[in-house]
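Subject: Structure for you, with notes

Hi,

Here is the structure I promised to hand over. Please open it first, then read my notes below.

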Amino acid sequence: MPKPNLLITTDVVDQASIQALSRYARVFSSTTLDEPSLIQLLPTIDILLVFSWPTFLTAENLSKMSDLRFIQSILAGVNHLPFAQLDRKVIVSSNAGAYSDEVAEYAWSLVLSAAKRIVDFHNAVKTEQWTLRRTLGGKEVTLLGERTLGILGYGGIGTAVARIGKGFSMKIHAYSRKPVRENGVRSFQGDKGLFTVLAESNAVIVSLPLTKFTNKIIGADKLATMKKNAILVNIARGELVDETALYEHLKANPDFRYATDVWWYREGKESLKTTHPFFELPNFIGTPHVSGPSGLATGKPVMFAVENVIRFLRGLKPKSIVDPAEYLVTDRQEY
């Protein structure tokens with residue numbers, strides 16, 4: 001039986017990984033092919049290994065890929081894939097767990113920056129607006145020990161976030177699809193569970209996937225439920241939080257803090273441009289989506305993705321299969 005054809009559409013896959021894949025498939029790279037050769041090859045492709053969705057895979061070209069059976073994303077999220085254009089027989093796997101420790105570590109840097117007002121203090125010293133003092137008034141920093149940490153989305157990243165939170169002796173509230181059975185973690189599901197987590201937590205970290213069910217899951221009603229001096233950190237996708245509702249909440253509640261490494265979409269792509277002037281607010285911290293790339297630098301995401309493709313090629317069920325129905329009505333959004 002001939003080997004199946006595998007197309008890699010990114011240059012982040014190393015040569016050793018390509019050689020490992022070559023034991024089970026004929027491996028092609030879109031970065032080494034001219035456009036006519038690539039278009040001619042597409043109808044024979046069985047498997048795609050993708051990072052960002054390539055521009056040459058238009059709806060027209062996808063419709064010609066009748067042999068396509070499996071797509072593996074190197075990114076953890078898959079909201080950038082055009083599910084509405086894919087044949088129902090195509091299996092899609094996310095790269096869940098590949099970035100967990102690194103993104104969790106970065107999430108905590110945002111929690112601590114917000115809780116300890118690192119940016120404010122740095123700027124105050126830099127501009128000579130702060131003098132050395134032996135006491136604080138009580139609102140300058142937030143103490144996290146023995147407080148409650150809410151985690152929205154308890155997959156690989158959420159689990160890693162909780163492990164660090166336990167080191168601060170925090171009480172862990174986990175909001176997830178399925179009950180979490182883990183020592184030191186209280187589990188919550190459904191709308192009622194979400195409201196409870198938000199209401200009782202001193203700090204909340206958002207690590208949910210972006211689907212049609214989670215789009216703008218944090219709106220004005222959810223924000224109003226939270227403590228007036230809570231910290232909200234987003235390291236998942238900007239669209240999980242309603243931009244206008246957040247801006248109005250930050251303006252009305254100066255002790256509430258929002259720190260994010262992810263941004264809202266403009267014209268189908270994540271953009272650092274915002275509708276509202278967030279950086280004029282002292283209770284907003286934003287960084288340019290570096291948590292995921294920091295994980296990519298370890299090599300783990302490529303390794304995880306390649307291992308899962310090899311599972312499929314060996315006839316085993318791949319890990320982290322996603323349900324296309326959760327994404328069909330959500331516009332494809334580029335990373």
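Helix α1 (residues 15–22) packs with α11 at an angle of about 5°. Their axes lie 10 Å apart. Angles under 35 degrees count as roughly parallel, so α1 is roughly parallel to α11. On the α1 side, S17, A20 and L21 make the contact. On the α11 side, the residues are V302, V306, V309, I310 and L313. By class, this contact has seven nonpolar residues, one polar residue and no charged ones. Bear in mind that this is a predicted model.

**The five-stranded sheet**

Next, the sheet. It is open, with five strands in the order β2-β1-β3-β4-β5, and the pairing is parallel. β2 (26–29) and β5 (91–93) are the edge strands. Each has a single partner strand, so one side of each is left without a neighbour in the sheet. On average, neighbouring strands are turned by 15° against each other, direction ignored.

Look at one pair within this sheet. Strand β1 (residues 5–8) and strand β3 (residues 47–50) run in the parallel sense and share three bridges. I8 stands opposite L49 of β3.

What packs on this sheet? Helix α11 (residues 300–313) does. The strands that α11 touches are β1, β3, β4 (70–73) and β5. The direction of α11 makes about 165° with that of β4.

**Strands β6, β9 and β10**

Now to another set of strands. β6 and β9 pair in the parallel sense over four bridges. β9 and β10 also pair in the parallel sense, over four bridges. I205 of β9 is worth a click: I205 is the bridge partner of I151, and I205 also stands opposite V233 in β10.

Are the residues on the two faces of β9 buried or exposed? Both faces are covered. A203 and I205 lie on one side, V204 and V206 on the other, and all are buried.

**Helix α7**

Which residues of helix α7 (residues 190–200) are buried? They are G193, L194, V197 and L198. These residues cover an arc of only 130° around the axis, which puts them on the same side of α7. The face turned away from that buried side carries D191 and K192, which are exposed.

The cover over the buried residues of α7 includes strands β6 (148–152), β7 (171–175), β8 (185–188) and β9 (203–206). Helix α8 (220–225) is also part of that cover.

**N61**

One last residue. N61 sits in helix α3 (residues 59–63). Its relative accessibility is 10%. Buried means under 20%, so N61 counts as buried. Leaving out residues up to four places away in sequence, N61 touches I39, L42 and F56. For a distance check, take N61 and K216. These two are 155 residues apart along the chain, and their C-alpha atoms are separated by 32 Å.

If you want a place to start, go back to α11. It touches four strands of the sheet named above, β1, β3, β4 and β5, and packs with α1 through V302, V306, V309, I310 and L313.

Best wishes

Note on methods
Residues are numbered from 1 along each chain as its sequence is written. This is a predicted model: local features need pLDDT of at least 70, side-chain atom pairs count only at pLDDT 80 or more; totals for chains, interfaces and linings use all residues. Side-chain values use heavy atoms; hydrogens and water are left out. Two strands pair if DSSP finds at least two bridges between them. Axes are lines fitted to C-alpha atoms, for helices over the stretch in contact, and angles run from 0 to 180 degrees between N-to-C directions. Contact means heavy atoms within 4.5 Å. Angles under 35 degrees count as roughly parallel, over 145 as roughly antiparallel, 65 to 115 as roughly perpendicular and the rest as oblique. Ala, Val, Leu, Ile, Met, Phe, Trp, Tyr, Cys and Pro count as nonpolar, Asp, Glu, Lys and Arg as charged, and the others, Gly among them, as polar. Buried means under 20% relative accessible area, exposed over 50%, partly exposed in between (1.4 Å probe, protein chains only). The arc is that of the directions from the helix axis to the C-beta atoms.
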